[in-house]
Amino acid sequence: MQGKRIGVAITGSFCSFSQVLPVIERLARENEVTTILSAAAATTDTRFYRAEDFRRELQRITGRPPMTTIAEAEQVGPMRLFDVILVAPCTGNTLAKLHHGITDTAVLMAIKAQVRNDRPVVLALSTNDALGTSAVNIGGLLNRRNLYFVPFSQDDHDKKPRSMAARFGLCEQTMEAALEGRQAQPLIL
């Protein structure tokens, strides 16, 4: 994939950040990449990253500061900023809000604006309750136009039997398919 304007929206599955950074680095080599952070991703210090360090690393990789406010993300619609948005990681919380039309973070505003423009959004889920409470939201979103899922699987069926995560190495392939209006297959690995 090259020459595309890509939004990479990051939500608070903090343990997945280390899997998302290499994806952003690959995309930024041949595309214009802008990151969009949920409030949790933008401000929460965790055992994985300090929020300030994470934001700084994203700016280093992409050459531009992340969008962190709803007002910044609202521009996605009228300015048609992105060819495709990748939401990676996409938490169960974000899945639920997206399924129910709640727009209370920069990430959700960017998604809403992108879909309004009839452009693709790719969801790379990472949630401990995919086969529990989040299952209804995943099912509902699978039927929505312009929403595509990075193929996913259980990430630790012994210790976390309801948990599923995207195969982050398939993000680019899924984005290419989404730009063609197709869902990458197989969906569940």
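How many helices and strands does the protein chain have? In this predicted model, the protein chain holds 9 helices and 7 strands. Its radius of gyration is 15 Å, close to the 16 Å that the globule rule gives for 189 residues, so the chain is as compact as a globular protein of that length. Here is a quick tour, from the whole chain down to single residues.

**Overall picture**

- The C-alpha trace of the protein chain spans about 40 × 40 × 30 Å along its principal axes.
- Of the 189 residues in the protein chain, 51% count as buried.
- Among contacts between residues at least 6 apart in sequence, 77% join residues at least 24 apart.
- The accessible surface of the protein chain comes to about 8700 Å², and carbon and sulfur atoms account for 48% of that area.
- On the charge side, there are 22 positive and 19 negative side chains in the protein chain, and the centres of these two sets lie 3 Å apart.

**The nonpolar cores**

- In soluble globular proteins, nonpolar side chains tend to be buried together.
- The largest nonpolar core here has 30 residues, and those touching the most other members are I36, V76, I85, V87, L95, L123 and F149.
- Two or more residues of this core come from each of β3 (84-90), α6 (92-99), α7 (106-116), β4 (121-127), α8 (135-142) and β5 (147-149).
- The element that gives the most to this core is α7, with 7 residues.

- The buried residues in α7 are A106, V107, L108, M109, A110, I111, A113 and Q114.
- Just after α7, D118 adopts a positive phi of about 60 degrees.
- Helix α9 (residues 171-179) has C171, E172, T174, M175, A177 and A178 as its buried residues.
- The cover over those buried residues of α9 includes β1 (5-10), α1 (17-30), β3, β4 and β5.
- Just after α9, G181 takes a positive phi of about 80 degrees.

**V121, in a strand**

- V121 lies in strand β4 and is buried, with a relative accessible area of 0%.
- Not counting residues up to four places away in sequence, V121 touches I85, V87, I111, Q114, V115, N146, L147 and Y148.
- V121 and G7 are 114 residues apart along the chain, while their C-alpha atoms are separated by 9.2 Å.

- K97 has a relative accessible area of 17%, and because buried means under 20%, K97 counts as buried.
- Setting aside neighbours within four places in sequence, K97 is in contact with I102, D104 and L108.
- From K97 to F152 the separation is 55 residues in sequence and 20 Å in space, C-alpha to C-alpha.

Key. Residues numbered from 1 in each chain as written. Predicted model: local features only at pLDDT ≥ 70, side-chain atom pairs only at ≥ 80, totals over all residues. Heavy atoms only, no water. Helix = DSSP H or I, 4+ residues; strand = E, 2+ residues; numbered from the N terminus. Rg over C-alpha atoms; globule rule 2.2 N^0.38 Å. Buried < 20%, exposed > 50% of the residue type's maximum accessible area, 1.4 Å probe, protein only. Contact = heavy atoms within 4.5 Å. Areas by Shrake-Rupley, 256 points an atom, 1.4 Å probe, with all protein chains shown as cover. Lys, Arg positive; Asp, Glu negative; His and termini not counted. Charge placed at Lys NZ, Arg CZ, Asp CG, Glu CD. Core = buried A, V, L, I, M, F, W, Y, C linked by side-chain atoms within 4.5 Å.
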